[in-house]
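Please read them with the structure open.

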Amino acid sequence: MEHRGTTDRIALIGPPGVGKTTTLCKFLAHEVFMNKTTPSVLKVENGIPNPDDALRIFCDVVGVPLHREPTTLPEVTPETPLYLDFPGISLSHEEDWTQTNETLDLLGVDTRVLVINAAYDREVIDKAARLASLLGATHVALTHCDELSNTSKLFSAVFRSGLTPLCVCHGQNVTGDFSTKVLGQLIAGAFPAHLYAGMNRRSA
């Protein structure tokens, strides 16, 4: 598992229904309120309709510009990062993942985050991770972790995929329920609470 940093152009990518928009809103809130940066968002259709109603409303609330065309973007810097919102890519259409790779290259995006619904079956998660290699995914974000009784099945997505774990989302609160301490969250969810507490005491 490589540990890559993020760049100032970050794309969130994944199948439909994994929670990409909610995860994006969590990132934007983190940028605005915690990092004190001024992010902007580019809504990419990539040949697939990508409605923006919920995201547009959230961006208006937190004061983040939402763009539909790359020609209207402001300068992108570490203080003014750009987040890219892509439509869901079907797990049945491998060519769409390859096409998304070409779009990311054209837009100069190096940080490519695969968003995975942690409540999905392990086979589906592994397939998404495999297809994500076609578009050069660099990081993984795990959503719906609050719906799991045990997080053990997620270790393959983190350790064997080669993707750097970026965040865990464990709720629908767009300004919370979000942690960048991915491994700690997975370990805590994989072992009984009393055992995990004992592990923490021994490592202290």
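1. Buried is used here for under 20% relative accessible area, exposed for over 50%, and partly exposed for what falls in between (1.4 Å probe, protein chains only). Helices (H or I, at least four residues) and strands (E, at least two) are DSSP runs, numbered from the N terminus.

2. The model is predicted: local features need pLDDT of at least 70, side-chain atom pairs count only at pLDDT 80 or more, and totals for chains, interfaces and linings use all residues. Residues are numbered from 1 along each chain as its sequence is written, and side-chain values use heavy atoms, with hydrogens and water left out.

3. In β6 (139-143), five of five residues are buried. One side carries H139, A141 and T143, the other V140 and L142, and both faces are covered. In a regular strand the side chains alternate between the two faces of the sheet.

4. The open sheet has eight strands, ordered β3-β2-β4-β1-β5-β6-β7-β8, with mixed pairing; two strands pair if DSSP finds at least two bridges between them. The edges are β3 (66-67) and β8 (178-179), each with a single partner strand, so one side of each has no neighbour in the sheet.

5. Within the sheet, β5 (residues 111-117) pairs with β6 in the parallel sense over five bridges, and N117 stands opposite T143 in β6. Strands β2 (residues 40-43) and β4 (residues 82-85) also run parallel, joined by four bridges; here K43 is opposite D85 in β4.

6. Which residues does T23 touch, not counting residues up to four places away in sequence? They are L12, V115, A141, T143, C167 and C169, where contact means heavy atoms within 4.5 Å. T23 belongs to helix α1 (residues 20-35), and counts as buried because its relative accessibility is 1%.

7. Helix α6 (residues 182-190) lies across β6, β7 (164-169) and β8, at about 60° to β7. Axes are lines fitted to C-alpha atoms, for helices over the stretch in contact, and angles run from 0 to 180 degrees between N-to-C directions.

8. The largest pocket has a volume of about 180 Å³. Of its 13 lining residues, T6, I10, E31, N35 and Y83 are the closest to its centre. Helix α1 gives the largest share of the lining, four residues. A pocket is an open set of points on a 1 Å grid over the protein atoms alone, where a 1.4 Å probe fits, with protein on both sides within 12 Å along at least five of seven lines; lining residues have an atom within 4 Å of a point. The volume is the space filled by probe spheres set on the points.
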